[in-house]
Amino acid sequence: MSESARRPPDNLPATLRRPAQDATFPALLEDDIGDLYDNAPCGFLSTLLDGTIAKVNATLLDWLGHSRDDLVGRRRFIDLLAPGSRLYHETHYAPLLRMQAKVSGIALEMLTTDGTTLPVLVTSVIKAGGTGEPMLIRITVFDARERRAYEQELLRARQSADRDRERLRLLVAGLQRSLLPATLAVPPGMATSALYHMASPDEVGGDFYDLFPLGRDRWGFFLGDVRGKGIGAAAVTAAARYTLRAAAVYDPEPAAVLANLNAVLYQDYRALGHRHCTVIFGVLERDGRGYTASIAAGGHPPALLVRANGATGYQTTDGGTLIGILSEPRVATRTIRLEPGDTLILYSDGLTEARTAPYGERFGDDALRDFVESQGPTDAAAAVSALTDLLADMADVEDDVAVMAFSVSGD
């Protein structure tokens with residue numbers, strides 16, 4: 001080999017070039033193998049097949065506080081383990097080692113002479129003799145104190161995050177409940193029912209509904225959906241709900257009520273956080289054993305009517321615009337006659353936009369009508385129960401869902 005080939009490269013850092021000029025450097029590289037074993041940065045020990053310790057290095061002795069005479073020929077590897085780790089050694093570790101002849105990276109705890117525990121990671125290999133017969137077990141032990149401390153810190157952080165998440169969910173659930181009526185009013189000769197399905201327990205939605213008396217055998221009802229989620233949507237939801245109730249008391253004509261709500265929401269149309277909504281509002285008026293429902297809708301899905309004989313169809317309100325985006329909204333109106341045995345169902349579009357399979361097609365209007373019709377003649381409670389089960393079977397419900405139903409009993 002030429003002199004230039006033996007010389008260290010000129011571009012090596014100075015700290016790597018200097019030791020080559022030191023006469024002791026080659027001696028360091030040819031360190032005694034016994035010293036390397038005894039003072040390695042990890043623990044080494046060898047045991048007989050029954051676990052009796054035959055050899056152990058100084059590093060492990062120092063970690064545990066034992067002398068070599070305490071262990072070699074006197075103790076077994078399992079004797080150095082904490083009680084829980086002994087049980088794991090007997091039931092899992094030792095059987096697995098016998099089957100595989102090698103087990104790597106097993107987390108155990110070893111006992112020190114002062115009674116404390118040392119978390120370690122252990123790798124064991126069965127060493128065979130010249131004839132292939134198992135002779136002894138070689139074990140490498142790594143100090144896992146820093147890793148255990150890191151894992152415990154991660155666990156504490158996760159537990160703290162879980163507590164924070166639970167507090168958030170309780171707060172969101174409480175806020176969501178405050179935006180909905182505690183109970184639905186029940187007009188004479190009617191049965192009512194409703195459900196609210198939250199798409200996410202961590203975020204308040206913008207769906208809302210209500211049914212309330214207006215006096216003189218008249219009842220107001222509405223169901224709407226504010227764009228977006230979160231605190232901003234909740235604020236608009238609260239404003240919409242109370243505006244609708246107040247406007248209905250002042251002038252219960254459905255188109256006038258929605259015009260009033262539109263005026264309130266449109267005020268901040270050009271603001272960055274502006275929100276609009278879809279909504280259907282109606283007035284029930286008792287007429288003999290049945291009711292007449294006068295409704296107005298602004299961009300909201302049509303109500304679904306189930307007749308006493310099970311015939312089901314949409315009560316279309318096409319042409320209405322979203323509430324809050326135009327200074328003069330277009331509102332679609334119609335009148336529906338409800339006889340004994342009829343059920344009227346209002347819902348938000350989270351129901352028809354849900355997916356029956358992951359990344360599959362959306363449920364859709366036709367499927368909803370067919371599903372409700374397949375239930376046959378129904379009432380408010382049965383209809384809402386069926387839709388609750390339907391949502392539970394959906395693979396993906398991306399948006400909140402509100403449903404309100406009322407049926408005429410004729411009593």
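Start by selecting β3 and β4: eight bridges join these strands, which run antiparallel. Strands here are DSSP E runs of at least two residues, helices are H or I runs of at least four, and both are numbered from the N terminus. Two strands count as paired if DSSP finds at least two bridges between them. Click on L108 and you'll find V120 of β4 standing opposite. Now follow the chain around the turn: β3 and β4 make a hairpin with five residues between them, and G115 in that turn has a positive phi of about 90 degrees.

A word on what you're looking at. This is a predicted model, where local features need pLDDT of at least 70 and side-chain atom pairs count only at pLDDT 80 or more, while totals for chains, interfaces and linings use all residues. Residues are numbered from 1 along each chain as its sequence is written, and side-chain values use heavy atoms, with hydrogens and water left out.

Next, show the whole sheet. Five strands form an open sheet, antiparallel in its pairing, in the order β2-β1-β5-β4-β3. At the edges sit β2 (53–56) and β3 (102–111), each pairing on one side only. From one strand to the next the twist averages 30 degrees. Axes are lines fitted to C-alpha atoms, for helices over the stretch in contact, and angles run from 0 to 180 degrees between N-to-C directions. Touching, or contact, means heavy atoms within 4.5 Å.

Slide from α7 towards β3 and stop at A101, in the loop between the two. Phi of A101 is near 70 degrees, a positive value in a residue other than glycine. A101 is partly exposed, with a relative accessible area of 32%. The cut-offs: buried is under 20% relative accessible area, exposed is over 50%, and partly exposed is in between (1.4 Å probe, protein chains only).

R216 isn't a glycine either, yet has a phi of about 55 degrees. At 72% relative accessibility, R216 counts as exposed.

Back to the other end of the sheet. Strand β1 (residues 43–48) is joined to β2 by three bridges, and the two run antiparallel; T47 stands opposite I53 in β2. Select T52 in the loop between β1 and β2. T52 is buried at 18% relative accessible area. Its C-alpha atom is 6.2 Å from that of G73, 21 residues apart along the chain.

Now pick N57, in the loop between β2 and α5 (58–64). With 0% relative accessibility, N57 counts as buried. Show its side chain, which reaches the backbone oxygen of Y37 at 3.0 Å. Leaving out residues up to four places away in sequence, N57 touches Y37, D38, A40, C42, G43, F44 and R68.

Last stop: helices α11 (residues 365–374) and α12 (residues 380–393). Their axes come within 10 Å and cross at roughly 130 degrees. The two helices are therefore oblique to each other; angles under 35 degrees count as roughly parallel, over 145 as roughly antiparallel, 65 to 115 as roughly perpendicular, and the rest as oblique. To see where they meet, show L368, F371 and V372 in α11 against A386, L387 and L390 in α12.

How values were computed. A polar contact is a pair of N or O atoms within 3.5 Å; within protein, one must be able to donate a hydrogen and the other to accept it, and residues adjacent in sequence count only if both atoms are side-chain atoms.
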